[in-house]
Amino acid sequence: MAVVFDADFTSISQWVAGRSSAYPRMGPTNRGDHKLDFLSRAHCPGGLFTATRRHGGDLWTCNLLTTEGSPEGFQLRAGDVLDARVTLPLELGAWPAIWTWRDGGNEIDVFEYHPDNPDLLEISNHVRGGYRYWHGADAGIAPGATFDLRTVFGAHSVDWFVDGTLIHADRRGVGAEWHAYLIVNLSVADGTYHARPPVFGPDRLGWICHGLRVERGGPDVPGEPWPW
């Protein structure tokens, strides 16, 4: 397999900052999805995605990067393998995610996380239905934890791995013709389903995507994790 995407979170060729068709009118807000986001037009040096409290209201200035609309216009395809290394946030209300989106759907969630469920990773296939709430306390999943993620976007099964161990194979897949843009972001929960940031809590939330690569051109097999 060959590397077809190696993320540089400062690249204006790879990424568009602060605009996505996953948000009404391309953003900057998305209250209907229970988010307190006001999207920032800034990129993310070092893969640090942040949310900063905006005074005079309850919104937060949040980082979102997407390949949608970028000069390179990278899209994942069926059969691709995505590897990422992440450090989870510590603060209540932080809502990090790596996911895909195109034309109002085509969403696969590589992961979502909420510190009020400290050992839980949320992984979903919205293309063909199905999700998994994976409790990873035994694998060290907790606020502030650092670990490797691998997602195989198979036509017949989407498979998720943590530190090289398979945690879920959905046996649904994305279909042979699937393709979608990539999104990496930090949202802020509004309290509907997950705790919102405390009123007198930190004014800045954050998580880190230390690296993200996509491989293409081989069979739907796990392969070896990247030596970050």
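The chat below goes through the fold, core, aromatic pairs and backbone of a predicted model.

Reader: What is the mean pLDDT of the chain?

Author: The mean pLDDT is 95, and 96% of the residues reach 70 or more. This is a predicted model.

Reader: Where is confidence lowest, and where highest?

Author: Strand 12 (residues 131–135) has the lowest, at a mean of 94. Strand 6 (residues 64–66) has the highest, at 99.

Reader: How many helices and strands?

Author: The chain has 0 helices and 17 strands.

Reader: What radius of gyration does the chain have?

Author: The chain has 16 Å. A compact globule of 228 residues would have a value near 17 Å, so the two agree. Along its principal axes the C-alpha trace spans about 50 × 40 × 30 Å.

Reader: And how much of it counts as buried?

Author: Of the 228 residues, 54% count as buried. As for contacts with a separation of 6 or more, 65% come from residues 24 or more positions apart.

Reader: Core next. Which residues have the most contacts inside the largest nonpolar core?

Author: Phe 9, Ile 98 and Leu 212, in a core of 49 residues. In soluble globular proteins, nonpolar side chains tend to be buried together.

Reader: What is Ile 98 in contact with?

Author: Leaving aside neighbours within four places in sequence, the contacts of Ile 98 include Ala 84, Val 86, Ile 108, Val 110, Phe 111, Leu 182, Val 184, Trp 207 and Leu 212. Asp 109 is also one of its contacts. There is a second, separate core of 8 residues, and Tyr 23, Leu 64, Trp 101 and Ile 183 are among them.

Reader: Leu 39, buried or exposed?

Author: Buried, because its relative accessible area is 5%, which is under the 20% cut-off. Leu 39 belongs to strand 3 (residues 37–39).

Reader: What does Leu 39 touch?

Author: Not counting residues up to four places away in sequence, Leu 39 touches Gly 18, Arg 19, Tyr 23, Gly 27, Pro 28, Cys 62 and Leu 64.

Reader: Pro 28 is on that list. Which peptide bond there is cis?

Author: The bond from Gly 27 to Pro 28 is cis, with omega near 15°. Pro 28 sits in the loop between strand 2 (16–17) and strand 3.

Reader: Changing topic. How many aromatic pairs are there?

Author: A search of the whole structure finds 9. In one of them, Phe 49 and Trp 207, the ring centres are 5.4 Å apart and the planes are at 25°, so the pair is stacked.

Reader: Where do Phe 49 and Trp 207 lie?

Author: Phe 49 is in strand 4 (residues 48–53) and Trp 207 in strand 17 (residues 204–216), so the pair ties together parts that are 158 residues apart in sequence. Phe 49 and Trp 207 are both buried.

Reader: What aromatic pair does Trp 207 form with Phe 111?

Author: An edge-to-face pair, at 5.6 Å centre to centre and 75° between the planes. Phe 111 is in strand 10 (residues 108–113), 96 residues from Trp 207. Phe 111 is buried too.

Reader: Which residues form the aromatic cluster?

Author: Phe 5, Phe 9, Trp 15, Phe 49, Phe 74, Phe 111 and Trp 207 form one cluster.

Reader: Which ring does Lys 35 sit over?

Author: The ring of Trp 95, with the charged end of Lys 35 at 5.1 Å from its centre. Arg 54 lies over the face of Phe 38, at 3.8 Å from the ring centre.

Reader: Last one. Thr 100, buried or exposed?

Author: Thr 100 counts as buried, at 0% relative accessibility. Thr 100 lies in strand 9 (residues 94–101). Its contacts beyond four places in sequence include Leu 76, Gly 105, Ile 108, Phe 153, Trp 178 and Tyr 181. Thr 100 and Ala 22 are 78 residues apart in sequence, and 9.6 Å apart in space from C-alpha to C-alpha.

Key
Residues are numbered from 1 along each chain as its sequence is written. This is a predicted model: local features need pLDDT of at least 70, side-chain atom pairs count only at pLDDT 80 or more; totals for chains, interfaces and linings use all residues. Side-chain values use heavy atoms; hydrogens and water are left out. A nonpolar core is a set of buried Ala, Val, Leu, Ile, Met, Phe, Trp, Tyr and Cys residues joined through side-chain atoms within 4.5 Å. Buried means under 20% relative accessible area, exposed over 50%, partly exposed in between (1.4 Å probe, protein chains only). Contact means heavy atoms within 4.5 Å. Helices (H or I, at least four residues) and strands (E, at least two) are DSSP runs, numbered from the N terminus. Rings of Phe, Tyr and Trp (its six-membered ring) pair if their centres lie within 6.5 Å; planes under 30 degrees apart count as stacked, over 60 as edge-to-face and the rest as tilted. A charge sits over a ring if NZ of Lys or CZ of Arg is within 6 Å of the ring centre and within 35 degrees of the ring normal. pLDDT is the predictor's confidence in each residue, from 0 to 100. The radius of gyration is taken over C-alpha atoms; the globule rule is 2.2 Å times the number of residues to the power 0.38.
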